[in-house]
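These are my notebook entries on one structure. I set down what I looked up, entry by entry.

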Protein chains: 2
Amino acid sequence: MATIRGRMARRALSPGERLPSIRRLARDLAVSPSTVVEAYDRLAAEGLIRSRPGAGFYAVGAPAPLALAEDGPALDRAIDPFWVSRQSLDAPSGARRPGCGWLPPDWMPEAALRRAVRTLAKADAAVLTDYGTTQGSLALRRLLARQCAEGGVEAGPEQIVLTPSGTQAIDLICRFLLNPGDTVLVDDPCYFNFQALLRAHRVKIVGVPFTPAGPDVAGFEAALAAHRPRLYVTNSALHNPTGATLAPRTAHRVLTLAAAYDLAIVEDEIFADFEPEPAPRLAALDALARVVRIGSFSKTLSASIRCGYIVARPDWVEGLRDLQVATNFGGPSPMAAELVLRTLSDGSYRKHLAALRGRLARRRREVAGDLAGLGIRPWIEPRGGFYLWCRLPGGRDAAEVAKAALAEGVVLAPGNVFSVSQSAADFMRFNVAQMDKEALRAVARALAPALG
Amino acid sequence: MATIRGRMARRALSPGERLPSIRRLARDLAVSPSTVVEAYDRLAAEGLIRSRPGAGFYAVGAPAPLALAEDGPALDRAIDPFWVSRQSLDAPSGARRPGCGWLPPDWMPEAALRRAVRTLAKADAAVLTDYGTTQGSLALRRLLARQCAEGGVEAGPEQIVLTPSGTQAIDLICRFLLNPGDTVLVDDPCYFNFQALLRAHRVKIVGVPFTPAGPDVAGFEAALAAHRPRLYVTNSALHNPTGATLAPRTAHRVLTLAAAYDLAIVEDEIFADFEPEPAPRLAALDALARVVRIGSFSKTLSASIRCGYIVARPDWVEGLRDLQVATNFGGPSPMAAELVLRTLSDGSYRKHLAALRGRLARRRREVAGDLAGLGIRPWIEPRGGFYLWCRLPGGRDAAEVAKAALAEGVVLAPGNVFSVSQSAADFMRFNVAQMDKEALRAVARALAPALG
């Protein structure tokens with residue numbers, strides 16, 4: 001009975017599908033046919049299966065939908081990759097969120113945003129009422145093409161596809177390149193939602209140990225040889241969660257191996273604007289042959305304006321556009337693209353970014369000092385951004401600490417939600433912009449049991 | 001060589017994968033081993049495959065991505081389900097689009113939209129800068145719950161998930177319920193993008209003949225028995241492309257059969273606001289047990305504000321939220337939800353809808369008269385909406401007519417883009433709100449060859 005229940009739960013046996021014959025299951029399980037007969041009768045009595053005269057038994061019951069959070073190895077709820085997303089996005093107002101992946105409203109360019117919204121009220125009726133084009137605003141794609149060129153990535157606006165978010169940009173690439181059962185490489189640790197997204201694509205996820213210089217090259221090559229992955233998903237500019245930067249020699253080795261094993265790469269640029277000075281980019285070195293650049297404006301401009309983008313080789317663009325039409329009927333909201341364009345073009349935006357980088361540099365130092373006082377040490381000192389990837393003192397279990405802090409209304413990001421191998425149990429990712437004295441005290445109290 | 005090329009194109013043979021042994025392929029194709037050796041040598045010379053000493057031949061070459069438009073039976077480009085989307089969404093300004101599926105800007109509530117945008121400029125900073133919650137604006141979900149109740153669907157706000165579009169609402173349901181290889185039923189004819197979306201999910205699409213009272217019940221039952229589909233996707237209020245309304249007896253039979261064969265149903269409500277008076281709803285009769293309601297505001301409010309919604313049974317909501325976090329990191333833009341809420345709450349909106357229904361009723365009569373003058377006859381006279389599903393005179397091929405009209409900058413929607421069975425070659429869907437004299441003349445000229 002457990003075998004059949006398990007298969008139905010795993011969707012290995014769908015409603016309407018025929019069950020194995022009594023003889024075959026008895027042989028497979030090395031039990032007597034009468035045992036199987038009794039099990040099938042009980043399952044039928046429970047209404048889980050139905051017998052069709054002369055046609056054996058069939059699975060019934062309501063459709064068993066895909067349950068992402070339960071996929072893969074059964075994880076403690078606290079280290080489910082969805083845990084931080086749920087807690088951060090649905091936190092009650094007033095909750096503190098050092099575990100979340102974005103800046104508080106008062107760190108964002110509020111005045112420029114309000115100006116952009118006011119001018120939007122005077123835009124052409126079509127901008128306010130009509131669908132956009134399948135690739136999205138040409139004016140915004142031109143601006144992004146110029147930004148790409150500044151970063152050494154030569155791509156025309158026709159190679160850029162706007163999407164409703166950075167996550168959807170990666171999702172679109174996955175739909176375009178992956179088949180269920182393919183293998184995908186991620187960094188270990190990596191942004192937890194990469195794992196969640198890849199689960200939705202029913203692919204095998206393999207982690208590569210991450211070093212302060214990027215992925216461990218030996219581990220990377222071994223994974224390519226052993227698993228023949230189709231895709232590698234990573235951040236270059238500032239890595240999430242570690243804040244590390246890809247070293248030039250690592251970038252070159254990664255691309256050489258990618259060519260040898262015919263690997264495609266998604267380079268997520270979402271933290272690029274936080275860099276003090278530009279680091280090497282896979283997309284620039286590879287000239288977009290097998291690397292796809294994706295990005296969005298959620299971290300430095302607004303997470304409420306949903307707009308991301310893909311920069312890809314020209315021969316992939318039409319397929320990506322078709323997929324976006326099929327799954328979203330058009331690109332991002334024309335209003336959203338207009339708001340992004342107006343704010344990025346606002347003279348104040350570059351000043352905002354410069355001020356933001358300075359403010360974050362100070363905040364990283366302050367918070368690192370505060371955490372040191374609790375015996376919490378950063379793995380590295382990031383060049384930029386708002387993350388500190390830290391080891392807890394005395395091998396404390398970060399999941400337990402996060403649960404204790406949550407009881408006080410403080411959302412933390414325990415290490416193992418970022419780790420495919422579950423090898424970051426005593427790490428925690430802190431967002432320095434969300435880390436106030438109150439949150440620090442909650443972390444101290446959550447740690448106390450081990451210290452006392 | 002053609003066999004291997006075909007397998008690589010179909011991704012039946014992926015880069016890095018081993019080719020069949022020479023002996024096996026020779027046997028499978030009933031050719032001599034030396035023929036296979038020569039074919040493999042030539043493919044290797046072309047760089048498509050590579051031999052590894054002692055390990056046989058492997059496929060190489062850039063990843064062959066998913067090509068939706070080329071999926072399934074090779075279709076003439078003019079009747080590819082993407083044809084109308086591409087032409088309509090990317091039409092040059094000034095092009096006429098009687099083939100498109102939305103209203104022109106001057107039919108939309110422009111003044112109310114501008115008011116909503118102006119007040120948005122004064123919203124809380126969080127609305128302008130922050131991510132939304134995973135289910136989306138509670139205030140908007142409460143308003144939608146009240147609308148559902150008016151339509152006889154009892155669902156609390158906690159059963160509603162906001163999405164970035166109506167298409168993404170269906171996409172999320174498909175990801176939640178479907179596995180690759182599952183079978184899905186659609187109406188024949190049906191909205192062409194249902195086919196495009198389902199192709200992206202790699203499912204088998206089966207069409208059920210559609211009648212003026214809804215799906216043909218005998219054909220529906222036969223399809224359930226023959227294919228055991230997991231899902232049926234349809235419109236109830238006003239069917240796209242026909243404008244037909246589901247009859248009560250058909251609705252009851254469909255739900256009875258769905259229960260007998262354990263079928264889930266997506267009821268797309270996107271044209272609901274165009275109904276003069278409410279028709280039966282599967283979601284209301286079934287009380288959301290196996291029916292999911294989806295909708296959006298693109299047709300009556302704005303297609304630029306991207307916001308749709310799902311109304312589902314309570315035990316499916318958490319899974320849908322997780323999937324949306326994984327694939328979009330949060331629901332629709334909080335700004336978008338705010339704009340929808342402000343416009344729907346604007347006293348003028350119900351008046352706008354009433355005026356819209358009256359204007360469309362007049363326009364349907366006028367355009368039906370104009371088309372009759374060309375010998376083009378509507379299949380039925382719809383109760384509401386902006387579509388007329390018409391048969392062309394003299395069995396003219398709608399794809400040919402659409403190509404001729406496109407040459408004059410007029411985008412039409414030929415019947416077979418809506419037909420899984422390709423049995424609507426002499427039908428055309430006309431959007432009466434986009435059908436001006438200029439478009440009518442172009443249609444007349446495009447028809448002329450057959451008439452003259």
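**Entry 1: the interface of chain A and chain B**

I searched the interface of chain A and chain B for salt bridges, and the rule gives 10 of them. I note here that the model is a predicted one. I looked up one salt bridge by name: the side chains of D90(A) and R321(B) meet in it, with 2.9 Å from N to O. I then turned to polar contacts across the interface of chain A and chain B, and the rule finds 49 residue pairs, both residues being at pLDDT 80 or more.

Next I asked which elements of chain A supply at least two residues each to the side that touches chain B. I listed strand 1 (49-52), helix 4 (82-89), helix 5 (110-120), helix 6 (125-129), helix 8 (166-177), helix 9 (192-200), helix 13 (314-328) and helix 14 (334-345). Helix 13 of chain A gives the most to this side, with nine residues. I sorted the residues of the side of chain A that touches chain B by kind and recorded 46 nonpolar, 21 polar and 26 charged.

I also looked up the extent of the contact. It takes 93 residues from chain A and 93 residues from chain B. The size of an interface is often given as the accessible area lost when the parts come together. For chain A and chain B I noted about 7,600 Å² buried between them, with 53% of it on carbon and sulfur atoms.

**Entry 2: aromatic rings**

I looked up the aromatic pairs over all chains and found 36 in the structure. Are Y191(A) and F192(A) buried or exposed? I found both Y191(A) and F192(A) to be buried. Ring pairs link these two residues into a cluster whose members also include W102(A), F194(A), W389(A), Y131(B) and F329(B).

I located Q195(B) in helix 9 (residues 192-200) of chain B. Its relative accessible area is 7%, so I recorded Q195(B) as buried, the cut-off being under 20%. Not counting residues up to four places away in sequence, Q195(B) touches several residues, among them P81(B), I205(B) and F418(B).

I located F220(B) in helix 10 (residues 217-227) of chain B. F220(B) is buried, with a relative accessible area of 0%. Leaving aside neighbours within four places in sequence, its contacts include L185(B), Y232(B) and L263(B). Lastly, I noted that the C-alpha atoms of F220(B) and T343(B) are separated by 40 Å, and that the two residues are 123 residues apart along the chain.

How values were computed:
Residues are numbered from 1 along each chain as its sequence is written. Chains are lettered from A and ligands numbered from 1 in the order in which they are written. This is a predicted model: local features need pLDDT of at least 70, side-chain atom pairs count only at pLDDT 80 or more; totals for chains, interfaces and linings use all residues. Side-chain values use heavy atoms; hydrogens and water are left out. Contact means heavy atoms within 4.5 Å. Buried area is the accessible area (1.4 Å probe) that two parts lose on being put together, summed over both. A salt bridge is a side-chain nitrogen of Lys or Arg within 4 Å of a carboxyl oxygen of Asp or Glu. A polar contact is a pair of N or O atoms within 3.5 Å; within protein, one must be able to donate a hydrogen and the other to accept it, and residues adjacent in sequence count only if both atoms are side-chain atoms. Helices (H or I, at least four residues) and strands (E, at least two) are DSSP runs, numbered from the N terminus. Ala, Val, Leu, Ile, Met, Phe, Trp, Tyr, Cys and Pro count as nonpolar, Asp, Glu, Lys and Arg as charged, and the others, Gly among them, as polar. Rings of Phe, Tyr and Trp (its six-membered ring) pair if their centres lie within 6.5 Å; planes under 30 degrees apart count as stacked, over 60 as edge-to-face and the rest as tilted. Buried means under 20% relative accessible area, exposed over 50%, partly exposed in between (1.4 Å probe, protein chains only).
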